[in-house]
Amino acid sequence: MNGKIAIEEHFAYGRPDEDAAGRLGGAWSWAETARRLVDFHDLRLKDMDKNGIEYAILSLNAPAVQMILDTHEAIEASRRYNDFLAEQVARRPDRFGGFAALPMQDPGAAAEELTRCVNELGFPGALVNGFTQRDIPDSVIYYDTPEYRPFWARVQELDVPFYMHPRTAVYQRAQAYEGHPWLFSSAWGFAVETSIHVLRLIGSCLFDEYPRLQIVIGHLGERIPYDMWRIDHRIATIPAGYPAKKPMSAYMRSNVHITTSGNFSDSTFRCAIAEMGIDRIMFAVDYPMEVMVDGASWFDNTPVLTEEERKRVGRTNTIKLFKLALPC
Ligand code: ZN
């Protein structure tokens, strides 16, 4: 399918984070992944052309800003990264859009930076790499706590989606992975971190308070769609004081969207569509952690979709959600 739009496509600013080398791995050697992370206008565009991807919304590779311990430094880095991305987008506005990186260490500064990115840089949303650290290395701050409510109010006011991207757990708190480093990042740990974070947002009544908020998660829903019935069923059964007004699945279907990033499985895709509905699913590759042709050729040929549905997931749903100035 030509004209696809891909929305979990990463770049690095300057020298790619060496910490990511050991933890993230990649489809290529780290050297090749790193080369592709810093490239915008050569390899990336050639690959997009070859694979029928017209437009990509670019975002920083994880964990980026979220691992900066010093709040002031995180605020400055976010501005620098976002200005850099805006320059790249300005060179090819017909091919690239940008997601804002946000200094979640300071919810007020994050709200201000998002506002700047939307109103001045023309970004259609934000992508944040999971929980944030702050001040001390083993800090883990999720965004369901009261200090983030004004931030979410601003996101709703700006009416832009918020992409919750995975990151690895903090080493000091990751005893479950001891002796099993292959589970620590994208094979398993990413989905654990991201799904917990989204379920925490739901359980904190965030979407009761801000019903127009729209969150995006990748990897066909970070395993949540597969387990939605059981989550609802057990929460209704156990007397743990779940405070939100509706079952978790109801918020998944009204406030969450998912993408195909890095999960090119027909059977998982079938489950995701059945649970979420076709209008809440968008195409993404997760380049360069994944090879573009793997994601694109799977998507172009999967028998799970009719041609009409392929166009919706591959293009139209994304244009509508992000209000992109592209023809449907
Ligand atoms: Zn990614």
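Modeller: Two strands pair if DSSP finds at least two bridges between them. Helices (H or I, at least four residues) and strands (E, at least two) are DSSP runs, numbered from the N terminus. This is a predicted model: local features need pLDDT of at least 70, side-chain atom pairs count only at pLDDT 80 or more, and totals for chains, interfaces and linings use all residues. Residues are numbered from 1 along each chain as its sequence is written, and side-chain values use heavy atoms, without hydrogens and water.

Colleague: In what sense do strand β3 and β4 pair, and over how many bridges?

Modeller: β3 (residues 96–100) pairs with β4 in the parallel sense, over two bridges. Ala100 has Ala126 of β4 as its bridge partner. β4 also pairs with β7 (residues 162–164), again parallel, over three bridges. There, Ala126 stands opposite Phe162.

Colleague: Which way do the residues of β4 point?

Modeller: In a regular strand the side chains alternate between the two faces of the sheet. In β4 (residues 125–128), Gly125 and Leu127 point one way, Ala126 and Val128 the other.

Colleague: Why does Asp286 count as buried?

Modeller: Because its relative accessibility is 8%. Asp286 lies in the loop between β10 (281–282) and α12 (292–301). Contact means heavy atoms within 4.5 Å. Beyond four places in sequence, the contacts of Asp286 include His10, His165 and His219.

Notes
Buried means under 20% relative accessible area, exposed over 50%, partly exposed in between (1.4 Å probe, protein chains only).
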